[in-house]
Amino acid sequence: MSTPYAPLTWLYVPGDRPERFPKAVASGADVVIIDLEDAVAPARKDEARANAVAYLSGARDAGVAVHVRVNDLATGRGRADLAAVGDLADGVRLPKVESAAVLDAVTGAPAYALLESAAGVLAAREIAAHPKVAGVALGEQDLAAELAVTDGRALDHLRLQVVLAAAAAHLPPVPMSVFPDVKDEAGLLASCLAGRALGLFGRAAIHPRQIPVIRRAFRPGEEETARAAEIVEAAERAERSGTGAVALPDGRFVDAPIVARARRTLTLAERLADA
């Protein structure tokens, strides 16, 4: 899937707050994730699962994808979650995936593997290549805790490993993990820009107010858009003339992957023009 059409914003909503489900769908997020895992207290997890099933079984806005983050498939609860929602949700998010073998039992909706441990990151290539996997992402808070990392920049190497694994498996770009401080919009914007530089695309959110900031961060800037337009114009000129080689006004030549990226940039800029 090319970047402009990949989901950009993924909004989590607690599974034990069903009154928030329609609000989340109306928030402008590309994907809503009903969370049965971290956002729900153990005593309310059965209730949360029932809420998800009821919502997914009813009439809902077909224009917004609704995923469910189930509990760990290594547990009976996680397997029961998957059995309940796997054929109803548009996607299932699987926490704490550490090997490709656990994915063999997945049925129903497309699976999105969350890599939240050292073992999961080390197995990223095999997990991403599994035929049932539609996407991968990092669970950075759990990963940082396991590795005793105190500086987010220390995770950049691991982020790049997952970006590489997803690209090699021809999966959509890897979205960023949640930014926990809802009120720090400047920090969220800076974090998104840093992630974008690493090849990450889009981000999970825990509050609707984060969505416009994420969209703004991933919108191509004026200079980037102008450069892309110049490349596409040169490519179209070469196609019309039948020369094959794409030469820019400054004399530099660009090849097909650069042209394809420029076209994606223009499409993304159009998509996010109101961000």
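Buried means under 20% relative accessible area, exposed over 50%, and partly exposed in between (1.4 Å probe, protein chains only). The model is predicted: local features need pLDDT of at least 70, side-chain atom pairs count only at pLDDT 80 or more, and totals for chains, interfaces and linings use all residues. Residues are numbered from 1 along each chain as its sequence is written, and side-chain values use heavy atoms, with hydrogens and water left out.

**Exercise 1.** Classify Y55, F21 and A119 as buried, partly exposed or exposed.

Solution.
- Y55 has 16% relative accessibility, so Y55 is buried.
- F21 has 2%, so F21 is buried.
- A119 has 36%, so A119 is partly exposed.

**Exercise 2.** Determine the geometry of the ring pair F21 and Y55, and state where each residue lies.

Solution.
- Rings of Phe, Tyr and Trp (its six-membered ring) pair if their centres lie within 6.5 Å; planes under 30 degrees apart count as stacked, over 60 as edge-to-face and the rest as tilted.
- The centres of F21 and Y55 are 5.4 Å apart and the planes stand at 75°, so this pair is edge-to-face.
- F21 is in helix α1 (residues 21-25) and Y55 in helix α2 (residues 45-57), 34 residues apart. Helices (H or I, at least four residues) and strands (E, at least two) are DSSP runs, numbered from the N terminus.

**Exercise 3.** How many aromatic pairs does the whole structure hold, and what is the geometry of W10 and Y112?

Solution.
- The search finds three aromatic pairs.
- W10 and Y112 are edge-to-face, with 5.9 Å centre to centre and 70° between the planes.
- W10 lies in strand β1 (residues 9-14) and Y112 in strand β5 (residues 111-115), so the pair ties together parts 102 residues apart in sequence.
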